[in-house]
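Colleague: Please take me through this model point by point. Keep the cut-offs with the terms.

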Amino acid sequence: MAFGTFDAAGGATRPMAEINMIPLIDVMLVLLVIFIVAAPLLTHSVKLDLPKAASAPTLAKPETVQLAIDAQRRLFWNGEPVDRAGLQERLAAAGRLVPPPEIHLRADRTTPYEAVAQVLADSSRAGVTRFGFESDPDERQKER
């Protein structure tokens with residue numbers, strides 16, 4: 001930082017070319033203190049005495065339907081034998097329920113894929129879209 005002298009006779013005085021930062025820092029610190037003090041005052045809210053109520057959410061769990069297909073393409077709705085027309089009627093009734101049930105589909109190991117695809121297509125047309133495919137994980141371990 002350059003300091004000037006009051007002695008005019010000492011030679012040619014040059015103008016100071018540096019910016020004095022101290023006043024700028026002082027102003028910045030004052031503004032910072034003002035904002036720190038004023039910030040909690042800006043968060044104003046309306047005080048309300050709200051009524052208290054206790055309730056539990058009502059979660060309607062969808063019904064699960066066990067649908068099985070054996071090796072001879074026979075269909076079983078919750079263990080009860082049903083033909084394809086009866087399955088379509090039951091799927092249509094299930095599609096109208098709110099929420100629609102989950103279908104847990106179990107197919108025999110030797111069941112042709114065509115039978116499973118027909119059941120999936122029938123249920124999709126009826127509006128039942130939640131499926132779970134059940135399998136027996138132990139069978140694979142028994143083969144080893």
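Modeller: E89 lies in helix α2; helices (H or I, at least four residues) and strands (E, at least two) are DSSP runs, numbered from the N terminus. The model is predicted: local features need pLDDT of at least 70 and side-chain atom pairs count only at pLDDT 80 or more, while totals for chains, interfaces and linings use all residues. Residues are numbered from 1 along each chain as its sequence is written, and side-chain values use heavy atoms, with hydrogens and water left out.

Colleague: Is E89 buried or exposed?

Modeller: Buried means under 20% relative accessible area, exposed over 50%, and partly exposed in between (1.4 Å probe, protein chains only). The relative accessible area of E89 is 58%, so E89 is exposed.

Colleague: What distance separates the C-alpha atoms of E89 and D122?

Modeller: D122 has its place in helix α3. Along the chain, E89 and D122 are 33 residues apart. Their C-alpha atoms are separated by 9.8 Å.

Colleague: What separates the C-alpha atoms of A85 and D122?

Modeller: A85 also lies in helix α2 (residues 84-95), and A85 is partly exposed, with a relative accessible area of 41%. A85 and D122 are 37 residues apart along the chain. The distance between their C-alpha atoms is 9.9 Å.

Colleague: Which side chain makes a polar contact with the side chain of D122?

Modeller: D122 is buried, with a relative accessible area of 5%. Leaving aside neighbours within four places in sequence, D122 is in contact (heavy atoms within 4.5 Å) with R84, Q88 and L91. A polar contact is a pair of N or O atoms within 3.5 Å; within protein, one must be able to donate a hydrogen and the other to accept it, and residues adjacent in sequence count only if both atoms are side-chain atoms. At 3.4 Å, the partner of the D122 side chain is Q88.

Colleague: How many bridges pair β4 and β5?

Modeller: Two strands pair if DSSP finds at least two bridges between them. Strand β4 (residues 102-107) and strand β5 (residues 131-134) are parallel, and R106 stands opposite E134 in β5. The number of bridges between β4 and β5 is four.

Colleague: Which backbone oxygen does the side chain of T111 reach, apart from the one of D108?

Modeller: T111 is found in the loop between β4 and α3 and counts as buried, at 11% relative accessibility. A polar atom of the T111 side chain lies 3.1 Å from the backbone oxygen of D108. Beyond four places in sequence, T111 is in contact with I69, D70, A71 and V116. The other backbone oxygen, also at 3.1 Å, is that of D70.

Colleague: Which residue in β4 is the bridge partner of I69?

Modeller: Strand β1 (residues 64-69) has a covered face of V65, L67 and I69, and an uncovered one of T64, Q66 and A68. β1 and β4 pair in the parallel sense over six bridges. Within β4, I69 has as its bridge partner A107.

Colleague: Which residues form the aromatic pair?

Modeller: Rings of Phe, Tyr and Trp (its six-membered ring) pair if their centres lie within 6.5 Å; planes under 30 degrees apart count as stacked, over 60 as edge-to-face and the rest as tilted. The structure holds one aromatic pair. With 6.4 Å centre to centre and 20 degrees between the planes, it is stacked, and its members are F131 and F133.
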